[in-house]
Amino acid sequence: MRLHIVSIALGGCLKAEPVRYGITEDTGGHISYILGEMQALAERADVSRAEIVTRLFDVPGLDPVHALAHERVTEKLSITRIDSGNRAYLAKDALSADRAAFAAALIAELRGRARLPDIIHAHFADAADVAAQVERALGIPFVYTAHSLGKDKAAALGGEHTAGHRARIAEETRAIAGASAIIGSSRDECERQIPAYRAAAIGKTHRIAPGVCPPVQSATALEDARALIAPFLRDPDKPVLLAIARPVHKKNLARLVDAFGSSAMLRERCNLVVLAGLRDEAPPPGSEQAEVLHDLFAAIDRHDLYGRVAYPKSHTRDEVGGLYRLAAQSGGLFVNPALMEPYGLTLIEAASHGLPVVATKVGGPLDILAELEHGVLIEPTSVADIRTAMERIMQDRSLWTRYARNAAANVRSMSWAAYAGAFMAIARSIVEATPQAATASHVRHLVVSDIDNTLTGCTSGAARFAGFFTRRRDFAFAVATGRSLVEARRLVRDWGLPRPAAWIASVGSEIYWDRGGSLELDALFAETIAQGWDAEAITHACEDIPGLVPQAIYEQRRFKRSYLTETPQVAALVRERLAAHGLPARVIFSHGNMLDILPLRAGKGAAMCFVADMLGVARSDVFAAGDSGNDEDMLSACDNAILVGNHSEEVAALRDRPNVYVARRSFGAGALEGVLSHRRTRRKLANARFGS
Ligand code: GLC
Ligand code: MG
């Protein structure tokens, strides 16, 4: 069945490109998101029609196309404008008064059609309210994208809630509650901000990275960028080390200057360019901006960096684009040394220009670099670490080239076409309302598998693994991963893995069940592991252990405290510390640099046993596959354990155990090989026992 998809947005001047972004306050980024999304959907064979729905208005000074009820964009993509009876352009705050009329007019319009759309994508909470009314009237389900959430904004502004803010948050809460699925862009949004509204929302939240629009630039952008920095520099042709950040303390710019200034090699071979916001006039004394600039200039003085550092006071969007390009062309780097970076869009922008990066390991960059593999992560509090990373890439041309190539190639996967593929997988599961993956009645066996590098890594291996489960309905599948639920879901979707009956997430500290597409937290398991767990006391006890750096805030879960560390010995130190404080917990070291602290009764192994019991599968019929440190307890606890061929050294000790099968093949094919091999062995044993 081909789907007809509608996207609704009420605000801004929504029309086909060219869009004049900024022509009204609300004509912003969401419009390029909607156009990118809907264009890519329209190009798919499984989409019959992509239709954007927005308000109709007729106002002198704004494009007359906004008064057209129908704008055809391409064969399958069109914009429908609904006349609410008020043809004025309405800014965000005035829109709510018009909403009831808009919704009524839209429902009337839809009622007149021969065929209704299959699903609606609502952008912002006001459109979600309209979509909810349409659903009540006509039964069309909707998915919701928030774009930006009020709760977080309020928190950032000191938590002050005005009446308007409270209304906004209430409306967002209704949108989150009513949507069949919620789509977000970043991990922080999906795993921290959305669940802050309703914890259960995580069960229907999906992360899809929006497409990155290829950089469009004026012909003179490169020249303009050069002209911007040349007045500062003795030799403007040297490779550019570029940093772009708002002038706030947490961006850590003075340390970057220290790192640059203390390296003879970097001073000699490169220029440093720092764009720290706009300085139209001197910042008010005592302001954060004034302090940051003071520190920055003091660092430049300290290292006598005159002629080697450029810090233009203003810049246009075009010049910024030009600077990225200049940095890439000159063989330079982009550097983000922030003490904490929530997402890190600049790193993606750098990638789209083929520019390698050095970036903080605190926050979003961790995920971005894992995906794009276009640079090195650094500990932002260490000048030496920042310096060494920059030197390493600048000294090694082949490394630089590899990162530059990865950047350009991998950023392409963050395309609107990839987005549309993921969107369709979610839309289908809603429209076709596929029932539960596995019902206990016909399940006899359970395969529990880690995801990263056990099932991912090879597309055809993943497909073979998935194929097995479509043939064998008596086999239930469960994932057991260190990742969060949202990330696990993204990987299962993007790698085409079988639909799990149960999801063991966050290193076996959370279990979710598939309830017809929505995932539901297992409260009983949570209750079981909660005993004796005191996350706050644990965080406190580990605060000052040297070399132990907390992972991003969204990695800290109710029953999981996660850290990064370069030294495996730290694990012993953490165990000692917890014991000294009388805090029972399980400490798991994996991937050579990750350390998780979990409740004593949690872990992949415990969760696997719990899931098997709930499905009524005997322990002897449970299979478990893995590849690294956080799989160890699960592989130890399983009679039919499998190490994929590409398993890491940290689990080498398991190889000789009688319950462990070491696959010849790697990744998904290796996991499947293990399941089949264990099955054969079991059958032989059974036959021998019964003498047949
Ligand atoms: C995943 C999690 C991380 C954890 C690691 C090891 O990468 O995201 O928090 O430390 O697995 O278990
Ligand atoms: Mg793994």
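Author: Start with glutamine 551, which has a polar side-chain atom 2.7 Å from an oxygen atom of ligand 1. A polar contact is a pair of N or O atoms within 3.5 Å. This is a predicted model, where local features need pLDDT of at least 70, side-chain atom pairs count only at pLDDT 80 or more, and totals for chains, interfaces and linings use all residues. Residues are numbered from 1 along each chain as its sequence is written, chains are lettered from A and ligands numbered from 1 in the order in which they are written, and side-chain values use heavy atoms, with hydrogens and water left out.

Reader: How far is an N or O atom in the side chain of asparagine 630 from an oxygen atom of ligand 1?

Author: Lysine 560 also has a side-chain N or O atom by an oxygen atom of ligand 1, at 2.8 Å. For asparagine 630 the distance is 2.7 Å.

Reader: How much of the accessible area of ligand 1 does the protein cover?

Author: Accessible areas come from the Shrake-Rupley method with a 1.4 Å probe. On its own, ligand 1 has 310 Å² of accessible area.

Reader: How do the residues of the shell around ligand 1 divide?

Author: Residues around the ligand have a heavy atom within 4 Å of it. Among them are Gly482, Arg483 and Val507. Gly counts as polar, Arg as charged and Val as nonpolar. The shell divides into two nonpolar, six polar and four charged.

Conventions:
Polar contact = N/O pair within 3.5 Å; in protein donor to acceptor, adjacent residues only side chain to side chain.
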